[in-house]
Amino acid sequence: MAKKNIIPVFGDIHGRWKKINRIVNHHVNSNGLALSTGDLCNYQFNPNNNQTLFFCYGNHESFQYIEELIKSNKGNLQTRAAGEVFEFDGLKITTFPGVYSEHFFNNGEKIKYFSKKDLERALSIEDPIDILITHEAPFDVGVKKNNEDLGKEIINNIIDHLKPKIVFFGHHDIYLDNEYKGVRIIGLDQPHRSYVLLDTSDFSIRKIKATLENEKEYKYNWEIN
């Protein structure tokens with residue numbers, strides 16, 4: 001039986017809704033919550049009950065639909081703009097969505113790329129935050145390619161200000177468990193390979209890893225047994 005304090009947290013979904021819906025309906029009670037770091041690509045969330053999927057939108061989205069979701073602030077599928085706080089059953093969650101581009105940071109012309117104004121909105125949050133979800137990775141947590149750190153110090157600045165209990169990021173499709181100034185930082189792989197369960201009673205996590213069955217489909221232990 002699903003536990004009220006357990007929240008599945010997914011990396012970038014990339015349209016794999018059949019698996020996401022099965023995981024949510026397995027782990028999440030009616031009226032419960034799941035989280036994602038974004039890149040949903042399409043929006044076929046179809047829970048059996050009244051579960052909510054809250055996500056940090058990424059760079060692979062239908063941005064017209066994202067703007068509609070931000071305006072509505074209701075329904076089973078929800079997201080927020082930078083600087084807004086999503087409250088659920090006593091939890092306070094915020095996101096820093098989109099990706100960095102030096103061409104758009106100062107003028108903020110496109111929702112796909114976060115801007116200086118988005119950063120200012122994030123830094124204006126005064127409430128204590130439990131969970132921060134970002135699409136980009138923080139700097140100096142281990143996300144590297146060819147010895148180049150792919151993390152963004154802008155994310156670190158937000159963590160410094162908000163001091164969340166835990167941070168999740170996606171975008172790079174790798175699993176990573178590290179910390180920055182005492183804050184636990186979790187990078188998430190695409191959910192057909194793994195996802196995590198967050199226990200909000202103590203903010204511990206458990207990784208659920210999939211295995212490749214018959215060279216065709218990834219399955220989790222609870223699906224096999």
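Predicted model: local features only at pLDDT ≥ 70, side-chain atom pairs only at ≥ 80, totals over all residues.
Residues are numbered from 1 along each chain as its sequence is written, and side-chain values use heavy atoms, with hydrogens and water left out. Local features need pLDDT of at least 70 and side-chain atom pairs count only at pLDDT 80 or more, whereas totals for chains, interfaces and linings use all residues.

**View 1. Aromatic pair of Trp 17 and Phe 45.** A search of the whole structure finds 14 aromatic pairs; rings of Phe, Tyr and Trp (its six-membered ring) pair if their centres lie within 6.5 Å, and planes under 30 degrees apart count as stacked, over 60 as edge-to-face and the rest as tilted. Among these pairs, Trp 17 and Phe 45 are tilted, at 6.2 Å centre to centre with 50° between the planes. Trp 17 belongs to helix H1 (residues 17-27), while Phe 45 lies in the loop between strand S2 (33-36) and strand S3 (52-55), 28 residues apart. Helices (H or I, at least four residues) and strands (E, at least two) are DSSP runs, numbered from the N terminus. Trp 17 is buried, with a relative accessible area of 2%, and Phe 45 is buried at 12%; buried means under 20% relative accessible area, exposed over 50%, partly exposed in between (1.4 Å probe, protein chains only).

**View 2. Aromatic pair of Phe 96 and Phe 114.** This pair is tilted, with 4.7 Å centre to centre and 50° between the planes. Phe 96 is in strand S6 (residues 91-96) and Phe 114 in the loop between S6 and helix H3 (116-123), 18 residues apart. Both Phe 96 and Phe 114 are buried.

**View 3. Cluster of linked rings.** Phe 10, Tyr 195, Tyr 220 and Trp 222 are joined into a cluster by ring pairs.
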